Amino acid sequence: MTTSFAAANTATAAAAGAFASSSDAKLQIHSFNGLKGTGTPPALSSNSLLLSKRFGVFHSVSASPSSSSSGPSLIVRAVSTPVKPETSKETKRSKVEIIKEHSNYIRYPLNEELETDAPNINESATQLIKFHGSYQQYNRDERGTRSYSFMLRTKNPCGKVSNRLYLVMDDLADEFGIGTLRLTTRQTFQLHGVLKKDLKTVMSTIINNMGSTLGACGDLNRNVLAPAAPYVRKDYMFAQETAENIAALLTPQSGFYYDMWVDGERFMSAEPPEVVKARNDNSHGTNFPDSPEPIYGTQFLPRKFKIAVTVPTDNSVDLFTNDIGVVVVSDGDGEPKGFNIYVGGGMGRTHRVEATFPRLAEPLGYVPKEDILYAIKAIVVTQREHGRRDDRKYSRMKYLISSWGIEKFRAVVEQYYGKKFEAIRGLPEWEFKSYLGWHEQGDGALFCGLHVDNGRVKGTMKTMLREIIEKYKLNVRITPNQNIILCDIKHAWKRPITTVLAQGGLLQPRYVDPLNLTAMACPAFPLCPLAITEAERGIPDILKRVRAVFEKVGLKYNESVVIRITGCPNGCARPYMAELGFVGDGPNSYQIWLGGNSNQTSLAQVFLDKVKLHDLEKVLEPLFYHWKRKRQSKESFGDFTIRTGFEKLKELVDKWEGVPESSTRYNLKLFADRETYEAMDELARVQDKTAHQLAMEVIRGFVASQQNGKSE
């Protein structure tokens, strides 16, 4: 359906202007002592005024005739400019908070900047366009004049992408981007290289084809994750439905996105009634009823906010890295009954600032399924009202919970929720599930999960993927591990699709190096302005070097560790959950993190700083050598590093003198004598390979020729 927001936008702008002109008036401010205990917030008279101490936004408060029986409800009207007594101490706010406050709900000055002939936009507009799903970037490989472009990120709850939208994104990448699509760790597309003059064309095309970039970036709820597997099972389907409802609940309502890109016309499907009801409910003082943004108000959230929904055992979503993690709890018959809720996860940090840190989400409580939207809203409002707005390094909800403690946080959330949380329900062990390869959906159709290195769809792979998706009219899903799933495949299509996929380099998982299957990297250079060193462009070589070390110390080919690489400490590829994490901390230099595990339930720890790229083997060889020889039965690399302890590991690194020749210098399964080994080693070096790698290639080639009857 289509709705015009022009009149509402004009009224909003007029109201903001009227308030600004009267901002010098002296007002009597009613004192506010904060929330107390777990009782109902104190009732205020209709003429009382409430000042939010947390971020300086002025609210007027009055009793509502439709209040609940427990007492008068609070009607909170957000106003554009904070008003304070002359004697009050100014509350410090970050520059971004001021920009949001004066933006007329994320419109100004972006609307004016987009009309200029300049290839870029100013600082304020750069902050605001994030809410529209875009970042301004420039090519950092170039010297001299900056070549500006924009990265667009879509919003796809559960990673769902319709056949129509995929084909449109594929076309846009070729016509307006750099010819590639990128699958992100939050189940979305990133389109790089869009010029400013083409932004409206690209945005409107996405919107007109039932896509969106609204809220994919900025200080609000980001894309809501859920398992990408299209299983026809009650729990999976309910998790995905819940993720979509949460995404709808927390979608901005003021129309700024549609004003900017499609001239005020809003394209969306009808929302479920339970979403509309939960959004409009203000029985516990959560809303700004007279605001175009009933949940977000003028200031939106202090920082980005991330939510994931999943089912027991399935940790494909990296549940504990999110601000809110939601887990479906079902009864013995598989019928969903409610949800466990976890809060306070987050990956971002700042180098050399110890007060910033990655953090895992912790249990908040259990709610029945009919209450999930109200519980989510209560948590978001708690962060909105109490999250720090003075220093963006500390504005994520994890720092609020770390400061308060979970008990105080729970008590405040319960006031906005209106109920006590029940005790968390017990769950089985978590597993990482990639969903690569062929699987039954449960409705007679198949789905196929495809590994995409670092999520970068390009070249022949991109061409072949499009051919299959277009020919068979397939819908797709993006996974939180930067892979893609082809859905609803008939059994008769399996063989021809497999053939075409192989031609595009999209191999079955058994043909992909196990190290690559779980590895992730952020884009970093050349376009990310925050990158300190390489990630996506550097990870192929790093993985090859890790594989070479594996072979050198005698680890088998089918063994693996979870490796994640980022070009800066912000943690976009979640390196702090890896068994071996590389975090850029200087030119060609990485901070090494160890201790995560394969099911993504353990936080890694800093092991070494400032490890130069050319020195990686000096660190990795002793670590993998001693893991091979001193690990317990089936002990993973991450668990081994934690059990051994970092002091001992650093000692092993410091004293390392190379792999002892007697143990692994020669692989006797391949080389019967030193002379043969050295000859093969010399040939291998010319091809930038190890002797073992080259020997295996020769052997495989010989076996293949024998099988084909072509032996020479």
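Colleague: Before we start, what should I know about the numbering and the cut-offs?

Modeller: Residues are numbered from 1 along each chain as its sequence is written, and side-chain values use heavy atoms, with hydrogens and water left out. Since the model is predicted, local features need pLDDT of at least 70 and side-chain atom pairs count only at pLDDT 80 or more, while totals for chains, interfaces and linings use all residues.

Colleague: OK, how many cavities of 30 Å³ or more turn up?

Modeller: Searching the whole structure gives two of them, where a cavity is a set of points, on a 1 Å grid over the protein atoms alone, at which a 1.4 Å probe fits but cannot get out. The volume is the space filled by probe spheres set on the points, which are joined across faces, edges and corners, and for the largest cavity it comes to about 40 Å³.

Colleague: Which residues line the largest cavity?

Modeller: The lining consists of Ala 228, Ser 316, Phe 432, Lys 433, Ser 434, Tyr 435, Thr 479, Pro 480 and Asn 481, a lining residue being one with an atom within 4 Å of a point. By class there are four nonpolar, four polar and one charged residues, with Ala, Val, Leu, Ile, Met, Phe, Trp, Tyr, Cys and Pro counted as nonpolar, Asp, Glu, Lys and Arg as charged, and the others, Gly among them, as polar.

Colleague: And what about the second largest cavity?

Modeller: Its volume is about 30 Å³, and its lining is made of Phe 432, Asn 481, Thr 518, Val 562, Arg 564, Ser 598 and Gln 600. That lining divides into two nonpolar, four polar and one charged residues.

Colleague: Switching to helices, how do H11 and H12 cross?

Modeller: The axes of H11 (residues 397-404) and H12 (residues 406-417) come within 6 Å and cross at roughly 115°; helices here are DSSP runs of H or I with at least four residues, strands are E runs of at least two, and both are numbered from the N terminus. Axes are lines fitted to C-alpha atoms, for helices over the stretch in contact, and angles run from 0 to 180 degrees between N-to-C directions. H11 is therefore roughly perpendicular to H12, a label that covers 65 to 115 degrees, with under 35 being roughly parallel, over 145 roughly antiparallel and the rest oblique.

Colleague: Which side chains are involved there?

Modeller: Met 397, Leu 400, Ile 401 and Trp 404 of H11 meet Ile 406, Lys 408, Phe 409 and Val 412 of H12, where contact means heavy atoms within 4.5 Å. By class, this contact has seven nonpolar, no polar and one charged residues.

Colleague: What does H12 lie across?

Modeller: H12 lies across E11 and E12, running at about 25° to E12. Those strands belong to an open four-stranded sheet with mixed pairing, in the order E9-E10-E11-E12, where two strands pair if DSSP finds at least two bridges between them. Its edge strands are E9 (307-310) and E12 (362-368), each pairing on one side only, and neighbouring strands are turned by 20° against each other on average, direction ignored.

Colleague: How are E11 and E12 joined?

Modeller: Strand E11 (residues 336-343) runs antiparallel to E12, with six bridges between them, and Tyr 342 stands opposite Pro 363 in E12. Helix H10 (residues 372-386) lies across E9, E10 (324-330), E11 and E12, at about 10° to E11.

Colleague: What's the order of the five-stranded sheet?

Modeller: That open sheet runs E4-E5-E8-E7-E15 with antiparallel pairing. E4 (134-138) and E15 (456-457) stand at the edges with a single partner strand each, so one side of each has no neighbour in the sheet.

Colleague: Last topic, where are the cis peptide bonds?

Modeller: One joins Tyr 108 and Pro 109, with omega about 5°, and Pro 109 sits in the loop between H2 (95-101) and H3 (110-113). Another runs from Phe 525 to Pro 526, with omega near 10°.

Note on methods
1 Å grid on protein atoms, 1.4 Å probe; cavity = no way out; pocket = protein on both sides within 12 Å on 5 of 7 lines; lining within 4 Å.
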